[in-house]
Amino acid sequence: MEMLEGFTPWPEEEAEKYRRKGYWQGKTLGNLMKGWSASYGEWEAVVGGDERISYQQLAERSDRLAWQLLRLRIRKNDRVVVQIPNVPEFVYLCFALFRIRALPVLALPAHREHEIGYLVKFSEARALAVTSTFRGFDYEGMAENVKAESPTLEHVLVADGSKGFTTSGEPVEEPDDASGIEEELDRLAPDASEVALFLLSGGTTGLPKLIPRTHDDYAYNARESANVCGLGPETRYLVTLPVSHNFPLACPGLLGTFHVGGTVVMTPTPDPETVFPLIERE
């Protein structure tokens, strides 16, 4: 197994203890999504706006996007800065990246060119994923400015609910035949002890720091948080905080809800006039 440069792995004696005790189960986040799809099928996984997405649809859309990313030559250990609000495209993209061993760097919607430019350069990101506009701000324009100043940044991926993801103004290539996608992605499956994603931490410099989380430790984090909180198939988890934060992502958050077959309801804004009608509807 080739370890990510600069990453200090867990001490082997500790890792072996966690595996022996069953804390770490050797399943990657991408493989977990496959299992959830098989177990929960047509159950509702994500509600976003007027769209209701089943576990099977979530897995299929994530896999199709993973195939598209491979066609953009995004590969193992490539970093992708993800700055997408609480919409289903965030989920599709993260699981697509997990499937191809690329690494999401989870930025926040409040970040602007200063922070995003730093994250892209520091992580040597190959791609930056944004929504076109959100709450009156032109994220796509900002991303193009960052791209012009970042030597490693090759792609700006723009999430558009009606078109999927676009790059350079054009839809990302769709597969002609989806039959072989799953087999191709299974061949790329990472080891569960590898880095899965980077969370952000604030610091005294004012610029965020990158926190690597492995598939094994983050899956355990979400699973046990869900157990402690008593989540189950009837759970409907409302995501109002930015989903790229650790808490709404996996404490127990989105991942913990998926673990038990519950439903994640995503709202891009915590404004009461948006949230309260959503609570009443759901």
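In this predicted model, F95 and F98 are both part of helix 4, where three residues, about one turn of the helix, separate them. F95 has a relative accessibility of 2% and, being under 20%, counts as buried. F98, at 4% relative accessibility, also falls under that limit and therefore counts as buried. A pair of aromatic rings is described by the distance of the centres and the angle of the planes. For F95 and F98 the ring centres are 5.3 Å apart and the planes stand at 85 degrees; an angle over 60 degrees counts as edge-to-face, so the pair is placed in that class. The count of aromatic pairs in the model comes to 15. F95 and F98 also belong to one aromatic cluster, together with W36, Y40, W43, Y55 and F258.

A further aromatic pair is formed by F134 and Y139, with ring centres 6.5 Å apart and planes at 45 degrees; this angle lies between the limits of 30 and 60 degrees, so the pair is tilted. Both F134 and Y139 are buried. Another aromatic residue, F137, has a charged group over its ring: the charged end of R112 sits 3.8 Å from the ring centre.

In soluble globular proteins, nonpolar side chains tend to be buried together. The largest nonpolar core of the model holds 58 residues, and the members that touch the most others are L69 and F258. Helix 4 (residues 88-100) supplies the largest share of this core, with 10 residues. Apart from neighbours within four places in sequence, the contacts of L69 are I74, L93, A96, L97, I100 and L157.

Helix 10 spans residues 253-260 and is mostly covered, with seven of its eight residues buried.

An open sheet is built from four strands in the order 2-1-14-13, with mixed pairing. Strand 2 (51-54) and strand 13 (236-239) are the edge strands, each of them pairing on one side only. From one strand to the next, the twist averages 20 degrees. Strand 13 and strand 14 (residues 263-266) run parallel and are joined by four bridges. Within this pairing, Y237 has V264 of strand 14 as its bridge partner. Helix 11 (residues 272-281) packs on the sheet and touches strand 1, strand 2, strand 13 and strand 14. The direction of helix 11 makes about 170 degrees with that of strand 13. Helix 3 (residues 55-71) lies across strand 1 (44-48) and strand 2, and runs at about 85 degrees to strand 2.

Strand 8 (residues 155-160) has five of its six residues buried, so the strand is largely enclosed by the rest of the structure. Strand 8 pairs with strand 5 (residues 127-131) in the parallel sense, over five bridges. V130 has V158 of strand 8 as its bridge partner. Strand 8 also pairs with strand 9 (residues 164-167), and here the two strands run antiparallel and are joined by four bridges. In strand 9, G164 stands opposite D160.

K27 is located in the loop between helix 1 (12-20) and helix 2 (29-40). The relative accessible area of K27 is 44%, between the limits of 20% and 50%, and the residue is therefore classed as partly exposed. Leaving out neighbours within four places in sequence, K27 is in contact with L32, A192, H215 and D216. K27 and D217 are 190 residues apart in sequence, while their C-alpha atoms are 10 Å apart in space.

Conventions
Residues are numbered from 1 along each chain as its sequence is written. This is a predicted model: local features need pLDDT of at least 70, side-chain atom pairs count only at pLDDT 80 or more; totals for chains, interfaces and linings use all residues. Side-chain values use heavy atoms; hydrogens and water are left out. Two strands pair if DSSP finds at least two bridges between them. Axes are lines fitted to C-alpha atoms, for helices over the stretch in contact, and angles run from 0 to 180 degrees between N-to-C directions. Contact means heavy atoms within 4.5 Å. A nonpolar core is a set of buried Ala, Val, Leu, Ile, Met, Phe, Trp, Tyr and Cys residues joined through side-chain atoms within 4.5 Å. Buried means under 20% relative accessible area, exposed over 50%, partly exposed in between (1.4 Å probe, protein chains only). Rings of Phe, Tyr and Trp (its six-membered ring) pair if their centres lie within 6.5 Å; planes under 30 degrees apart count as stacked, over 60 as edge-to-face and the rest as tilted. A charge sits over a ring if NZ of Lys or CZ of Arg is within 6 Å of the ring centre and within 35 degrees of the ring normal.
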